[in-house]
Amino acid sequence: MSPLDNALLAIERACGSGSVIRDESLREGYAGDESETTPCIPEAVVRASSTEEVSQVMRAAFEHGVPVTPRGGGTGRVGGAVPVRGGIVLTFERMASIKHIDRNELTTRVQPGVITGELKRTVEEDLLYYPPDPNSRDSCAIGGNLATNAGGPRAFKYGVTREYVLGMEVVLADGTVLQLGHETKKGVTGYDLTALVVGSEGTLGIVTEATLRLIPKPEATVTLLACFSGLDEVAPAVQTLLSQGHVPSCIELLDSEAIRIVRPEAGLTIPDETKAILLVELDGEAGRLDGDLEVCGNALTDLGALEVLVAQTSGERDRLWASRRELSHSLRRQAKNKLSEDVVVPRTKMADLLRTCAELSDENELVIPTYGHAGDGNLHVNFLWDDPDQKRKVDDAVKRLFERVIELRGTLSGEHGIGVLKAPYLPMEQSLALIDLQQRIKDVFDPKHILNPGKIFPADAKRFHGVC
Ligand SMILES: Cc1cc2nc3c(=O)[nH]c(=O)nc-3n(C[C@H](O)[C@H](O)[C@H](O)COP(=O)(O)OP(=O)(O)OC[C@H]3O[C@@H](n4cnc5c(N)ncnc54)[C@H](O)[C@@H]3O)c2cc1C
């Protein structure tokens with residue numbers, strides 16, 4: 001019997017045969033994610049029902065040297081959940097319960113398969129709020145969010161997933177179950193391994209439970225659209241708005257291509273000459289919000305907005321957000337191929353980044369729609385092309401984009417992670433010594449390299465740094 005057969009036999013004994021999927025037509029559904037990574041059909045899919053089962057799966061995989069790729073909702077944008085080295089895909093749809101909501105401590109204990117939007121809606125029924133809000137919230141899972149340290153529009157005011165994680169239960173590659181962190185708001189015992197595992201893309205451990213911090217739900221929310229006649233007006237407007245002390249819950253940028261897509265669905269009459277939009281949301285006490293809205297709207301008008309439109313009803317707001325959340329999928333339908341980058345620059349450098357995108361578009365005759373989390377300087381730069389011959393141009397443009405981002409003291413990924421797609425570029429941002437240190441950490445957690453192998457670290461980091 002092969003090592004895989006031996007491992008699966010042990011897993012079936014521990015978890016029951018119904019937990020293991022071998023049928024190819026079913027396995028195909030676990031081959032890819034929402035990125036351009038070439039799908040790889042796993043040799044088996046295991047649906048774990050408990051921490052104990054995850055531990056048994058890992059013990060068997062460790063003993064027989066079989067790769068295991070954890071998978072949440074499969075909405076990742078860099079191939080993180082794609083089983084590039086084969087083996088087992090481990091899923092958590094059977095571990096999807098919100099185990100506890102503590103209204104006094106403002107915490108919740110959840111399993112990794114909980115869909116993020118469901119968690120948000122559930123706690124909101126109790127007037128509590130879980131701020132992390134990736135635009136994929138209705139299809140991604142908490143386990144995936146923890147593994148990628150997901151952000152989203154509201155990260156501008158509330159921060160990213162890591163800031164809401166107090167503790168986690170994690171299963172290591174050899175099946176050891178660890179409790180990381182704490183349940184209390186404060187806690188500084190030992191190294192902060194919780195922070196290390198959050199964002200580690202499933203390469204250090206498997207999250208089987210997490211204690212997350214909640215906050216009181218904001219009483220009310222208002223959304224406005226500031227329409228500008230040029231993209232170059234937007235970055236200074238954001239900068240000035242924030243330096244004036246406004247604290248929106250999010251500030252999203254849409255360029256003209258994104259506007260073309262959103263316009264028919266947005267439900268608001270956007271002036272024809274609009275070339276860029278800032279979608280600004282304010283939340284807080286209901287009694288103060290109308291005043292804040294007026295002040296912020298006036299500030300945006302003073303900063304050159306052609307018009308400031310306010311979503312008047314929750315229906316208008318929902319339609320606007322639905323089209324914003326669908327933007328990525330809508331863009332994908334515009335061309336045969338789409339590559340979406342997720343770069344970040346200091347907010348003061350956003351104008352330089354937007355200029356670079358415009359130059360790359362002109363010089364290479366490429367369509368490069370750009371939108372994203374302007375308040376964080378985190379933009380989704382999309383490359384669209386039909387003709388396969390254009391791929392070389394796209395690769396060159398991506399490399400130049402990354403070089404410019406590093407020059408501007410930015411980073412290659414604000415929220416999607418490195419996974420497979422960005423691994424070749426990691427040495428552009430990180431020194432050999434830093435990559436080496438992280439690989440040694442990986443060795444400690446996963447000495448046989450069975451946990452989500454083939455992710456984050458490029459094979460040729462040394463060559464990139466001229467050390468061969
Ligand atoms: C339309 C669209 C909009 C998006 N908008 C945003 C956004 O606004 N902000 C943002 O941050 N991202 C966004 N994303 C990207 C994506 O949704 C996030 O990266 C999300 O956190 C992935 O969650 P998932 O459950 O789908 O994980 P998957 O794609 O299944 O996996 C992602 C990574 O997590 C690992 N993993 C999954 N579960 C576990 C576990 N239990 N333990 C350990 N590792 C695990 C996987 O191995 C993989 O490396 C968007 C994606 C799409 C398609």
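This is a predicted model: local features need pLDDT of at least 70, side-chain atom pairs count only at pLDDT 80 or more; totals for chains, interfaces and linings use all residues.
Colleague: Is L193 buried, partly exposed or exposed?

Modeller: L193 counts as partly exposed, its relative accessible area being 30%.

Colleague: How should I read the side of a helix, and which residues of α10 are buried?

Modeller: An α-helix has 3.6 residues a turn, so residues three or four places apart point the same way. In α10, which covers residues 286–302, the buried residues are L289, L293, C296, G297, A299 and L300. These buried residues pack against β12 (220–228), α8 (234–243), β14 (276–284) and β15 (307–310). Helix α10 reaches 25 Å from its first C-alpha to its last, close to the 24 Å expected, and is followed by G304, whose phi is positive, near 110 degrees.

Colleague: Why is β14 described as largely enclosed?

Modeller: Buried means under 20% relative accessible area. Because 9 of the 9 residues of β14 are buried, the strand is largely enclosed by the rest of the structure. A276, L278, V280, L282 and G284 point one way, while I277, L279, E281 and D283 point the other way.

Colleague: Which strands are joined to β14 by bridges?

Modeller: Strand β12 runs antiparallel to β14 and is joined to it by 9 bridges, with A226 having L278 as its bridge partner. Strand β13, residues 250–255, is also antiparallel to β14, through 6 bridges, and there I251 has V280 as its partner.

Technical notes:
Residues are numbered from 1 along each chain as its sequence is written. Side-chain values use heavy atoms; hydrogens and water are left out. Helices (H or I, at least four residues) and strands (E, at least two) are DSSP runs, numbered from the N terminus. The expected span of a helix is 1.5 Å times one less than its number of residues. Buried means under 20% relative accessible area, exposed over 50%, partly exposed in between (1.4 Å probe, protein chains only). Contact means heavy atoms within 4.5 Å. Two strands pair if DSSP finds at least two bridges between them.
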